[in-house]
Amino acid sequence: MRFSGKTALLTGVASGLGRAVAQALANEGARLVLVDRAKDQLENLVLLLRGEGADVVELVGDVSREETSRQAVALARSRFSSLDILINNAGINPTGTISQTDPAMWQQALDINLKSAYLFCREAIPHMVEAGKGVIVNTASIAGQRASTAEAVYGVSKAGLIMLTRTIARDYGAKGIRANAICPGVLESVMADRLTRMSAEQVAARDQRFAPTVPLGRLGTYEEIAKATLFLASEDASYVNGAQLTVDGGLTA
Ligand SMILES: NC(=O)c1ccc[n+]([C@@H]2O[C@H](COP(=O)([O-])OP(=O)(O)OC[C@H]3O[C@@H](n4cnc5c(N)ncnc54)[C@H](O)[C@@H]3O)[C@@H](O)[C@H]2O)c1
């Protein structure tokens with residue numbers, strides 16, 4: 001039980017990767033503060049985890065709002081008296097070239113994918129500094145490491161998230177805080193917001209197009225990315241700081 005007695009705050013947990021990470025952390029004994037804007041899905045997860053014996057509290061909110069970051073960190077402190085791990089995972093996946101990206105979409109993507117992580121780190125770091133320890137894991141993407149076709153603002157937001165992570169690693173390492181980014185490749189499941197713009201045929205075509213280009217010959221699963229996220233969040237990664245852990249089956253090798 002690597003996370004017994006640890007408090008972890010996670011964003012974007014109502015579906016996909018965040019849900020898998022929350023389940024894996026709960027299985028390893030962590031106390032959880034879970035944040036998402038999808039109320040029903042969030043509450044279902046909380047009921048499931050509590051049923052399995054986990055100590056969990058939830059907050060429904062938009063992660064791009066400063067108020068949500070304040071409330072979430074305050075909740076961790078009031079309910080569990082500590083905040084050991086922050087996992088900034090919430091995100092959206094807008095598509096399009098720069099010409100196809102209107103200013104409202106540009107702003108929304110940066111607010112949700114990048115500004116939210118800044119806000120949550122800004123709230124959490126003073127408590128971690130006071131405690132003399134803390135771990136931050138930001139869910140970036142290989143789209144932030146090299147350009148992807150027609151994912152302009154998504155890639156920019158994830159590149160920014162990687163640099164935010166590295167900046168924190170440099171500025172706060174001496175205070176006992178480690179910050180790392182995880183960069184998943186193409187996963188079996190398309191992100192929820194993008195799925196609303198795709199037919200089942202388009203999803204199948206995407207899978208058929210990408211899988212053969214991955215050296216391991218298949219797309220990744222949420223559980224595989226969750227395992228790598230838990231590594232970064234754990235003491236097993238005690239000397240890993242400012243890293244970008246690419247988990248893509250070799251796609252960008
Ligand atoms: N699925 C992939 O192929 C893939 C690949 C690389 C990186 N990622 C990254 O992994 C992370 C999780 O993606 P996923 O595949 O699980 O997608 P997902 O759409 O299933 O999950 C995203 C979660 O974030 C929440 N969310 C979105 N905007 C929010 C907001 N403003 N406030 C609060 N909650 C909000 C959603 O409700 C959802 O629960 C994202 O940061 C994504 O960029 C995913």
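Mentor: By class, the lining of the largest cavity has three nonpolar, six polar and one charged residues (Ala, Val, Leu, Ile, Met, Phe, Trp, Tyr, Cys and Pro count as nonpolar, Asp, Glu, Lys and Arg as charged, the others, Gly among them, as polar). The model is predicted, so local features need pLDDT of at least 70 and side-chain atom pairs 80 or more, while totals for chains, interfaces and linings use all residues. Residues are numbered from 1 along each chain as its sequence is written, and side-chain values use heavy atoms, without hydrogens or water.

On a 1 Å grid over the protein atoms alone, a cavity is a set of points where a 1.4 Å probe fits but cannot get out, a pocket is an open set with protein on both sides within 12 Å along at least five of seven lines, and lining residues have an atom within 4 Å of a point. One cavity of 30 Å³ or more is counted, and about 40 Å³ of space lies in the largest cavity (the space filled by probe spheres set on the points, which are joined across faces, edges and corners). Its lining consists of Thr11, Asn88, Asn89, Ala90, Asn113, Ser116, Ala117, Thr139, Lys158 and Leu161. Helix H4 (103–131) and H5 each give two or more residues to that lining, and H4 gives the most, three residues (helices are DSSP runs of H or I, at least four residues, numbered from the N terminus).

The largest pocket has a volume of about 1200 Å³ and is lined by 49 residues, with Asn93, Tyr154, Val190, Met191 and Asp193 nearest its centre. H1, H5, helix H6 (192–195) and helix H7 (200–210) each give two or more residues to this lining. H7 has the largest share of the pocket lining, four residues. The pocket lining divides into 22 nonpolar, 17 polar and 10 charged residues.

The ligand sits in the largest pocket (more than half of its atoms lie within 2 Å of the grid points). There are 28 residues around the ligand, and Ser15, Leu17, Asp36, Tyr154 and Tyr222 come nearest (a heavy atom within 4 Å places a residue near the ligand). This shell divides into 14 nonpolar, 10 polar and four charged residues. Helix H1 (16–27) and helix H5 (152–172) each supply at least two residues of the shell.

An N or O atom in the side chain of Tyr222 is 2.7 Å from an oxygen atom of the ligand. A backbone N or O atom of Val63 lies 2.9 Å from a ligand nitrogen atom. For Arg37, a polar side-chain atom lies 3.3 Å from a nitrogen atom of the ligand. Taken alone, the ligand exposes 830 Å², of which the protein buries 95% (Shrake-Rupley areas, 1.4 Å probe).

Terms used: A polar contact is a pair of N or O atoms within 3.5 Å; within protein, one must be able to donate a hydrogen and the other to accept it, and residues adjacent in sequence count only if both atoms are side-chain atoms.
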